[in-house]
Amino acid sequence: MRPAEFDAAGWDEGGALPAEVRDAVARAGWFGVDLPTEHGGRGGSQAELGELCAEIGAVCSSVRALVTVQGMVSAAIARWGTDEQRSTWLPALAAGEHLAGFAATESGAGTELSAVDTRFERTGGEITVTGEKRWVTFGQEATVFLVLGKLDGRLAAVLVEKGAGVSTDPVRGQLGLRAAMVAHVRFDGVRVPVGNLVASPGFGLSHVIATALDHGRFTVAWGCAGMAAACVADVADHTVRRRQDAVPLAAHQLVRSMLARMAVDATAARELCLSAARARDAGEPGAVAGTVMAKYAAARAAASASQDAVQLLGSAGCASDSRVGRFFRDAKVMQIIEGSDQVSELHIADHLLREHRVGGKA
Amino acid sequence: MRNGLPADEVRGQLLEFVTSLVDAEPDPDEDYFERGLVNSLAALELVTFVEHRFGITVRAEDLDLDNFRTVNRLTGFVLVKTAG
Ligand SMILES: Cc1cc2nc3c(=O)[nH]c(=O)nc-3n(C[C@H](O)[C@H](O)[C@H](O)COP(=O)(O)OP(=O)(O)OC[C@H]3O[C@@H](n4cnc5c(N)ncnc54)[C@H](O)[C@@H]3O)c2cc1C
């Protein structure tokens, strides 16, 4: 399967990704690109994962979101799971035998995830999970959820398989990521073995969920870089072909100015993604902040490039099957999820000031 | 960087990093998690810093608040890991 063959407009309109597409994604090995080979992955680098997400993101953000969520949950287990959790879950996630949902957000906890209300109660060898999660990407189809909640007042992360006590309420017609089969998910006294707790209570948000979000930010960043580059290509193509009175749109200086700005933003976003990939592959401490910066820049580049692309395609950009129109809706979502623009700015400034202090300049 | 690291050097490097992270020099026995000084991005950066600087791997079983909550406890953790 090649991204160029995707029916992204049709899936967006239908509000779903067909099961055969999800299976094809699994068969193509896109779920385990950066997972170690001993856990069924391809053992690839962060740069390889990034390039794949850019290629997919240039065509369909919902497929990219599928790869993102599976990668987020896998990364959290790979990093903080026990040997048993790794050998149980990772091969199944890499092979697509399980589809993952990342269940952190609640109606009272979005940006501030420490405010979650979901309760984990330990009795003997079991944990009972009770809570309502909102906006779970691919929550309609997920067979296992990484859930953030509180156990004895401490933030903890637990893996919950779909089954008795888990119910989903599909979200339809949202602004973007329309084929990402988003759902609100309710856990009604669901009992899971204590062995499904990932890392000790107290580290659920700061390490487990944070690792998942860090991975998610990275793949979203690359997907956005791909989207921005696709907008540049569509605008270049359209403005050369579209003529009135024999004058192509591309002949107008103001049009060229917009195209130039879009191209610079898209290229800069890609360079920040590459820089984040290098830092991650080298295990540098700055990789976390570098990933936030890449995601922030790329989401903004995708949002502004898609806005300009709709503008320059005119009515063609407003048509129901317009690719840049879909990008325009999807890109806005990217400025909100995995850390909104505002929260990213706070993190970037924190990191900058910290570097400054270590250097003795402040 | 393995084996025989002087405790003072490890403590000094950790104190410098944690100071930059929480924007104040904590007492080596102060619980920066308890005081809410470490947000989730900072917690991940602390793990990556410790792994990168001291050449160790922090595993799930090491994730015990007792290992991480103060500079002195973290120093002890690094010394055990680098000696191992
Ligand atoms: C399509 C889609 C898919 C999603 N998928 C998932 C998923 O799979 N799993 C999951 O757990 N969640 C998911 N989410 C939820 C998403 O992560 C949250 O929407 C996001 O974290 C923001 O939370 P919120 O919507 O509650 O907004 P709020 O936290 O209420 O924030 C609203 C806005 O306020 C501003 N703001 C908030 N805090 C600050 C601050 N400290 N300083 C400055 N400005 C601030 C920002 O502009 C922010 O965008 C999804 C959301 C969407 C739309």
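A polar contact, as I use the term here, is a pair of N or O atoms within 3.5 Å. I keep that cut-off at hand for the ligand. The model I am reading is predicted.

**Entry: the ligand**

I started with A:T105. One of its polar side-chain atoms lies 2.7 Å from a nitrogen atom of the ligand.

Next I checked the backbone. A polar backbone atom of A:F102 is 2.7 Å from a nitrogen atom of the ligand. A:A104 also takes part, with a backbone N or O atom 3.0 Å from an oxygen atom of the ligand.

How much of the ligand does the protein cover? I find 64% of the 960 Å² of accessible area that the ligand has on its own.

I then listed the surroundings.

**Entry: chain B against chain A**

I moved on to the interface. Chain A brings 29 residues to the contact, and chain B brings 23 residues. Together the two chains bury about 2300 Å². Carbon and sulfur atoms account for 63% of that area.

For polar contacts, I noted six residue pairs between the chains, both residues at pLDDT 80 or more.

Which elements of chain B supply at least two residues each to the side that touches chain A? I have α1 (7-22) and α2 (40-54). Of the elements, α2(B) gives the most, with 10 residues. By class, I count 11 nonpolar, five polar and seven charged residues on this side of chain B.

**Entry: salt bridges overall**

Over all chains, the structure holds 17 salt bridges. I picked one inside chain A. The side chains of A:R2 and A:E55 meet at 2.6 Å, N to O. A:R2 sits in the segment before α1 (8-14) of chain A, and A:E55 sits in helix α3 (residues 46-57), so this pair ties together parts that are 53 residues apart in sequence.

Definitions and conventions. Residues are numbered from 1 along each chain as its sequence is written. Chains are lettered from A and ligands numbered from 1 in the order in which they are written. This is a predicted model: local features need pLDDT of at least 70, side-chain atom pairs count only at pLDDT 80 or more; totals for chains, interfaces and linings use all residues. Side-chain values use heavy atoms; hydrogens and water are left out. Contact means heavy atoms within 4.5 Å. Buried area is the accessible area (1.4 Å probe) that two parts lose on being put together, summed over both. A polar contact is a pair of N or O atoms within 3.5 Å; within protein, one must be able to donate a hydrogen and the other to accept it, and residues adjacent in sequence count only if both atoms are side-chain atoms. Helices (H or I, at least four residues) and strands (E, at least two) are DSSP runs, numbered from the N terminus. Ala, Val, Leu, Ile, Met, Phe, Trp, Tyr, Cys and Pro count as nonpolar, Asp, Glu, Lys and Arg as charged, and the others, Gly among them, as polar. Accessible areas come from the Shrake-Rupley method with a 1.4 Å probe; for residues, only the protein chains shown count as cover. A salt bridge is a side-chain nitrogen of Lys or Arg within 4 Å of a carboxyl oxygen of Asp or Glu.
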